[in-house]
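Visitor: Please take me through the charged side-chain pairs, and then through what surrounds them. I would like the cut-offs stated as you go.

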Amino acid sequence: MTYQSALLRSLDERGFIHQMTDATALDALAQTAVIPAYIGFDATAPSLHVGSLVQIMMLRRLQQAGHKPVVLMGGGTTRVGDPSGKDESRKLLTSDDIAANIAGIKGVFERYLTFGDGPTDAVIVDNADWLDKLNYVDFLRDVGRHFTINRMLTFDSVKLRLDREQPLTFLEFNYMILQAYDFAELARRSAVRLQMGGSDQWGNIINGIELARRMDGAELYGLTTPLITTADGGKMGKTAAGAVWLNADRVSPYDYWQFWRNTQDGDVLRFLKLFTDLPLAEIAKLAALEGADINHAKIALATAATALLHGDDAARAAEETAHRTFAEGASDENLPSFATGGEITIVAALTSLGFAASNGEARRKIGEGAVKLDGEAVSDPALVIIIDDEPVKLSLGKKKHGLLTR
């Protein structure tokens, strides 16, 4: 289908569209009206990670096309836990935990969206504002009657757990009803017409559309993105050292830059479209590079993606640090660092810098000859490093470098 609206054309050209309800009607609406659209983010940690970035970028594309992004924080639904794609129940968080997580997450959106009171300015809302006030019996009568157990049992999030004979609590079973109610409530409160999300949210989105139609006669729409995996089938945003967080206090701008710089060749074109604002014509030229020249495209990806999250100065500093470190073999103050207190074991140094996810992995890397201190190979996993006034450069392979300071 050839889309006429700037919104759907942009999302389509950059690879965001997987499934959509009534594409023709949504395309027509996007040409004639400002569409308030939302994506929900549960507050299960004090930072979002790269796995959430495709959704954040979709809100950015929405605003760039002249529509209104609504960021829904799941202050209420986080207390339940989304079973979608999960093999087991989430850990239940306290209200204080959730509030702290929301505070940590909110700042990231300000990097990607313009907030304010204008018709296309982004807003942040919290579903605890309405979910925490629900009367349980009234909710069952007014909302629960629109759902059948028969239908709910067909959803993948439920079938996955039942097929594996893993418990699905009644608490989690209610999640899909609460999320559907969010859509209906946002349509009432904020005139929201569109919910967007990952492909695993398709069933929940359809529930919301049907609930709002039955309760209020509202005409709403849904759009999902494809599952974002790497070229080798791995999960987007997962590395040997763990998740790639978006908050700078959890993953430094330099490490964030390095994550994108290490993109596999087969992912460069797709990631340039999804995660940068570079024009499509420029992306096409970068994607056409072959052999060693494709590294220029990876550097462009890393710098553009890092600039969106951490700013132009941090992105340029990361690129320059990488150039000096790799091309010139020098140390640099912008490398990730760890204060040792004066001494540290080589194994602890590797895990503290995030170069290894466990002590066992650190010892394995040492045994493989992949670890160097100031350019000299390390072979003894029991080595204790003494730090004086000058920092020591620790390297794992050719791509990971950090500084150990006193």
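**Salt bridges and their surroundings**

Guide: The side chains of R316 and D313 meet in a salt bridge, with 2.6 Å from N to O. A salt bridge here is a side-chain nitrogen of Lys or Arg within 4 Å of a carboxyl oxygen of Asp or Glu. This is a predicted model, in which local features need pLDDT of at least 70 and side-chain atom pairs count only at pLDDT 80 or more, while totals for chains, interfaces and linings use all residues. Residues are numbered from 1 along each chain as its sequence is written, and side-chain values use heavy atoms, with hydrogens and water left out.

R316 and D313 both belong to helix α16 (residues 312–327), where they sit 3 residues apart, about one turn of the helix. Helices (H or I, at least four residues) and strands (E, at least two) are DSSP runs, numbered from the N terminus. D313 counts as exposed at 58% relative accessibility, and R316 is partly exposed at 43%. Buried means under 20% relative accessible area, exposed over 50%, and partly exposed in between, for a 1.4 Å probe and protein chains only.

In total the structure holds 9 salt bridges. Among them is the one between D277 and R60, whose closest N and O atoms are 2.4 Å apart. This pair links distant parts of the chain: R60 is in helix α3 (residues 53–64), D277 is in the loop between α13 (268–275) and α14 (280–287), and 217 residues separate them. R60 is buried, with a relative accessible area of 16%, whereas D277 is partly exposed at 30%.

D277 also forms a salt bridge with R61, the closest N and O atoms being 2.6 Å apart. R61 lies in α3 and D277 in the loop between α13 and α14, so this pair ties together parts that are 216 residues apart in sequence. R61 is buried, with a relative accessible area of 2%. Elsewhere, a network of salt bridges links E185, R188, R189 and D216.

R61 also takes part in a helix contact. L53, V54, M57 and R61 in α3 meet K273, L274 and F275 in α13, where contact means heavy atoms within 4.5 Å. By class, the contact of α3 with α13 has 5 nonpolar, no polar and 2 charged residues. Ala, Val, Leu, Ile, Met, Phe, Trp, Tyr, Cys and Pro count as nonpolar, Asp, Glu, Lys and Arg as charged, and the others, Gly among them, as polar.

The axes of α3 and α13 come within 9 Å and cross at roughly 50°. That makes α3 oblique to α13. Axes are lines fitted to C-alpha atoms, for helices over the stretch in contact, and angles run from 0 to 180 degrees between N-to-C directions. Angles under 35 degrees count as roughly parallel, over 145 as roughly antiparallel, 65 to 115 as roughly perpendicular, and the rest as oblique.

Next, the strands. Strand β2 (residues 36–41) is mostly covered, as 5 of its 6 residues are buried. β2 pairs with strand β3 (residues 68–73) in the parallel sense over 6 bridges; two strands pair if DSSP finds at least two bridges between them. The bridge partner of P36 in β3 is K68.
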